[in-house]
Amino acid sequence: MRIDLISKEYPPNIYGGAGVHVAELVKVLRNQIEVKVRCFGEDRNETDTFAYRHHPEFDAVNGALQTMAVDLSMVNDIAGADLVHSHTWYANFAGQVAGTLHGIPHLITAHSLEPLRPWKEQQLGGGYRLSSWVERTAYEGATGIIAVSDGMRKDILRAYPQLDPNKVSVVHNGIDLDAFRAADNPDLVRANGVNPDQRSVVFVGRITMQKGLPYLLKAAKELPSDVQLVLCAGAPDTPQILQEVTELVEELRKVRNNVIWVEKHLSRAELIAMLSAATVFACPSIYEPLGIVNLEAMACGTPVVATATGGIPEVVSDGETGLLVPIEQLMDGSGKPLDESKFVADFAAALNQMLAHPKLEEFGLAGRKRVESLFSWNSIAEQTIRVYQKAINTIA
C-alpha cells in the first residue's frame, strides 16, 4: 500500500495543529506502510518527502490562487499511489484533482472548516470564497473524510448536510508520549521571563479569533494577584486582532505586574518546560476541532481549564483532568458567545476554582493517564490505516 499524503505544513515549517498531526502521523505510518509526503515550500532532506512551490508568474496573485498552483504542480507525481490523503483546504484541491485524474481514492482529514471561520471573508475577500469553494468541492467528491473528533464530525455534517454521513469517520489527534511529559527545567522557564516558583496560568496558541485570547485577558482581571498570566501567543491573523490583544494586555498590566507575553515561537523543549511549570493551562477557544495543545498540557501533567466546545470535551474530562466552561454560541459560524460577559465570568470562576483546588496534582496525574490510554500515535495510525483500507476497497 502506497499513500501519498499532502500537507501545506511539514517539518521544519509547522505553525499549527494540522502540521503537528501530519508530522507525527507520518513517522508512525512509515513503520507499517509506504508513505510519500508532498508538502509546500523549500526542499526537505528526508526520504520520500517532496516539496513544491508555485511558479514565479504567480508571485503577485491572490494567495488562494498561489495555493491552487502549488497543488496542481503535485498532481502528476501522485500517479502510482493507492490513495491520496489531504490535510486542510490548502491540500484538498491537489487531493481531489489527483484522485480524479488517477482514479484513486481521495481521503481528507478535517482539521478545521471554512464555513466555521466566516471572519476570514473580511480578511481575505475573494481568497476566502475560493478556499471555501475548494473545500466544499473536495468534501463532496472525496471517497472518505476523517474528523479529528466527534464534535468535528457533527460540524462537518452541519456545514455540509449534502454529505453521506457514512463516509465521515472519527480518528482523534494524537500526542507524542515520549516527547511530551513533565520536565522540570526552571532555567528555560526563567529565560522566557516567567518565575517557575510562582503560580501561573498559561495560554499557548496563535492570535486568532477562534483561540479566544481576548476572553482570557478579560477573565484574568479576576485572578489572584500572585498568579502570573503567561501568554505564549504570536502569529496574529490580522493587524486588527493583534491591536485588540495588545490593548487588552496593556489594560491588564495597569492592574497586574505579572502578565508575561512571549511572542516568539517556542521550541519544543521550551514549550514542555512552560507547560510543566504551569499551575493551570487555559484554553478559551470558541472553535476547536480537537485541540492538540490540551493534549500536550495534559501529557505534561498540567490541569486544563477549557471551553466546552468542538472536540475539547472529548479531550478534557470535566472534574477529572480539568474543568470545562460552558458556552452558548452564535450559530452563524463565528462561534462567538451569545453572552460574552457571562462566558468571561464563568471562565474566570473556573480558573479560580482550579487554582484553589486542594487536590490539584491529582488532576494532572489523571490527565497524563488519559492521554496515555486514548491518544497514542500508534493507536491513531492503526485506526487511520483501517480507514485507508476501507477507502481503497470502496474504489475497488
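Two strands count as paired if DSSP finds at least two bridges between them. Keep that in mind, everyone, as we start with the strands of this predicted model.

Strand E1 covers residues 2–7, and strand E2 covers residues 34–40. The two run parallel, with 6 bridges joining them.

Now, is E1 buried or exposed? Of its 6 residues, 6 are buried, so the strand is largely enclosed by the rest of the structure. Arg2, Asp4 and Ile6 point one way from E1, while Ile3, Leu5 and Ser7 point the other way.

On to the helices, with H3 as our guide. Helix H3 spans residues 89–102, and helix H2 spans residues 63–75. H2 and H3 pack at about 35°, with their axes 8 Å apart, and their crossing is right-handed. The H2 side of this contact includes Ala64, Met68 and Leu72, and among the H3 residues they meet as a group are Ala94, Val97 and Leu101. By class, the contact of H2 with H3 has 13 nonpolar, 2 polar and 1 charged residues.

H3 also meets helix H5, residues 126–141. Here the axes come within 9 Å and cross at roughly 50°, which makes H3 oblique to H5. What is the handedness of this crossing? The crossing of H3 and H5 is left-handed. From H3, the contact uses Trp89, Asn92, Phe93 and Gln96, and the H5 side includes Trp133, Val134 and Tyr139. The contact of H3 with H5 divides into 6 nonpolar, 4 polar and 1 charged residues.

How values were computed. Residues are numbered from 1 along each chain as its sequence is written. This is a predicted model: local features need pLDDT of at least 70, side-chain atom pairs count only at pLDDT 80 or more; totals for chains, interfaces and linings use all residues. Side-chain values use heavy atoms; hydrogens and water are left out. Axes are lines fitted to C-alpha atoms, for helices over the stretch in contact, and angles run from 0 to 180 degrees between N-to-C directions. Helices (H or I, at least four residues) and strands (E, at least two) are DSSP runs, numbered from the N terminus. Angles under 35 degrees count as roughly parallel, over 145 as roughly antiparallel, 65 to 115 as roughly perpendicular and the rest as oblique. A crossing is left-handed if the near helix is turned anticlockwise from the far one by less than a right angle, and right-handed if clockwise. Contact means heavy atoms within 4.5 Å. Ala, Val, Leu, Ile, Met, Phe, Trp, Tyr, Cys and Pro count as nonpolar, Asp, Glu, Lys and Arg as charged, and the others, Gly among them, as polar. Buried means under 20% relative accessible area, exposed over 50%, partly exposed in between (1.4 Å probe, protein chains only).
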